[in-house]
Structures are given as structure tokens and as C-alpha cells.
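Hi there,

I'm passing on the structure we talked about, so please open it alongside this email. My notes on what turned up in it follow below.

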Amino acid sequence: MLVRLILCSALLGLGGAAAAENCGHLRSAFYEYGAFYYKAADGSWTGIDKDVVDEVARRMGCVIEASTDSRVRIWAGLTGGSLDMSVSAMATPDREKFARVVPYIAERNYVLLHKDVNASVRSMDDFLADPSIKIGVIKSFRHGKVYDAWLDRLRAQGRVYEAPDYPALLRLFKVGRVQAMMALSVGWYPLVKHQQVAGSYRVMDWSPQKEALVGGLILSRQRVDAAMAARFSQTIHAMREDGTLKRIFERHLDPELAARLINF
């Protein structure tokens with residue numbers, strides 16, 4: 001316990017020292033997705049990702065220029081060197097070749113089934129066995145080994161539609177172009193209060209209990225060096241230790257879900 005306290009104190013101290021050094025002007029892109037990033041009633045952008053980036057910028061003394069784009073164009077910007085960073089991304093071997101991920105969330109994927117889908121569809125195998133059901137996903141998203149393998153089997157049958165972003169995916173689902181969609185809990189949680197969607201679907205949890213998807217800030221290796229990436233990591237760690245990260249999540253989700261998502 002003493003060692004843990006000493007380590008935490010050292011990291012917090014490093015975070016405080018880092019805040020005294022200006023880290024310059026960085027460009028970050030956000031993408032619209034559930035409670036991660038969405039438009040408030042007054043038309044301004046808000047969400048977990050924005051609040052995390054704003055707090056990191058404040059603590060580190062950065063100016064982080066924000067833009068909103070599709071996930072596909074964000075990946076192109078990160079690989080091409082026109083973006084410094086983005087948000088809520090999962091590390092994969094391919095992504096780690098050009099970027100580093102600083103975790104701040106542990107999520108799970110779910111399958112949302114339209115209420116008109118036969119109630120006998122209760123598993124991945126049931127879904128595969130019914131050729132009339134199609135599923136929508138967001139292009140470039142990764143869903144974990146089990147779901148990705150299942151989706152590949154469905155792609156081979158021509159049963160997967162790839163949308164450029166979350167609003168487009170929701171439109172496909174609402175008009176019946178697809179009868180199911182992949183969604184993180186941060187994505188489907190706000191739908192509970194959405195009058196046009198609430199009650200129109202069933203949430204199916206088919207992912208193995210131990211398959212958590214850990215995501216976070218994604219920092220371009222071309223644009224953000226290892227020392228700067230370490231400062232980002234120290235800052236996120238300090239936000240988690242002092243309760244700031246939990247408070248940010250609670251602004252946009254219920255306390256129980258917020259607590260689960262930062263448990264990684």
C-alpha cells in the first residue's frame with residue numbers, strides 16, 4: 001500500500017510539473033457518438049470525450065484545436081500526419097504502428113435488435129441462422145475478437161452495412177435498412193431517453209464477460225513524441241486518481257455505468 005501511495009504521489013507530482021510546461025498547439029478531431037460527443041440543447045458540442053480533452057489541455061497547458069469529422073477521415077488524418085490526436089480509440093497492432101493509445105475507458109459492445117426481430121434470436125448462432133436479418137456497424141470500428149470474427153462471417157453473406165458515422169447508423173436502423181446494430185453502452189444509453197428510438201429495440205450482450213474494450217486518447221507517433229505521450233498518460237492517471245475522470249463520466253451517464261466504465 002505504501003509503495004502504491006508513493007508511486008501515485010510521484011505520478012501526480014510529474015503531472016503537476018508537466019502542467020507548468022506549455023505543450024503547444026495540437027489538433028484533435030472528435031466524432032459524434034452517443035454520450036462520448038453530442039450536441040447539447042443549445043447546439044454546442046459536449047460529451048465525455050470533449051470534457052476529458054478540455055481537462056487534459058487545462059492541466060498540461062495545451063491549446064487543443066477541436067474539429068468534428070467521421071471516424072474514417074479521422075484515421076486518415078492520423079496516418080497522414082494532418083492530425084495530432086483523437087479520442088475514445090481502442091489499441092490494435094495496426095494502429096500502434098502509427099499511434100499510441102492513452103486509456104481512460106473500458107467498454108463493452110452490444111447488439112441492438114429491432115423489436116420486430118423474432119424473439120427466438122437470442123445468440124450469435126441464432127442470428128447467423130436467420131438470413132433475413134442484417135446488421136449495421138460504423139466503418140473502421142473494432143468490436144473485439146469474438147464480435148469481429150462473427151461480423152466477418154456475416155460480411156461473407158452480404159449481411160453487414162457499414163455506415164460512416166453513428167447518426168447514419170441510427171438512420172439505417174430506424175428506417176429498417178438493418179434490423180440490428182452494434183453499439184457500445186455509451187452509444188445506446190442515451191437512446192433510452194430518445195423518444196423516436198426508445199422501446200424499439202432489445203439490447204443483447206453476446207460478448208464474453210472478460211472481453212473489455214479499453215479505449216482512450218490516440219496520439220500520432222508522427223506528431224506527438226514519446227515524452228509528450230508520457231505526459232498525457234500521467235495527466236489521465238492523475239485525473240483518475242483524484243476522481244475527476246469519474247465526475248466527467250457522471251455528467252453524461254448514470255453513476256453506476258460511469259463507475260463501471262473507468263474500472264480498467
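Before the strands, a definition: two strands pair if DSSP finds at least two bridges between them. Helices (H or I, at least four residues) and strands (E, at least two) are DSSP runs, numbered from the N terminus. This is a predicted model, in which local features need pLDDT of at least 70, side-chain atom pairs count only at pLDDT 80 or more, and totals for chains, interfaces and linings use all residues. Residues are numbered from 1 along each chain as its sequence is written, and side-chain values use heavy atoms, with hydrogens and water left out.

Let's start with strand β5. Its bridge partner for Ser28 is Met85, and β5 pairs with strand β1 (residues 25–30) in the parallel sense over 2 bridges. With β12, β5 runs antiparallel, joined by 4 bridges; there, Leu219 is the bridge partner of Met85. Because 6 of the 6 residues of β5 are buried, this strand is largely enclosed by the rest of the structure. Buried means under 20% relative accessible area (1.4 Å probe, protein chains only).

Next come the cavities. On a 1 Å grid over the protein atoms alone, a cavity is a set of points where a 1.4 Å probe fits but cannot get out, and lining residues have an atom within 4 Å of a point. A volume is the space filled by probe spheres set on the points, which are joined across faces, edges and corners. How many cavities of 30 Å³ or more does the structure hold? There are 2.

In α6 (residues 166–174), Tyr166, Ala168, Leu169, Leu170, Leu172 and Phe173 are buried. At the start of the helix, a side-chain oxygen of Asp165 reaches to within 2.9 Å of the backbone nitrogen of Ala168. After α6 comes Gly176, with a positive phi near 85°.

Enjoy exploring it, and write back with any questions!

Conventions: 1 Å grid on protein atoms, 1.4 Å probe; cavity = no way out; pocket = protein on both sides within 12 Å on 5 of 7 lines; lining within 4 Å. Buried < 20%, exposed > 50% of the residue type's maximum accessible area, 1.4 Å probe, protein only. Polar contact = N/O pair within 3.5 Å; in protein donor to acceptor, adjacent residues only side chain to side chain.
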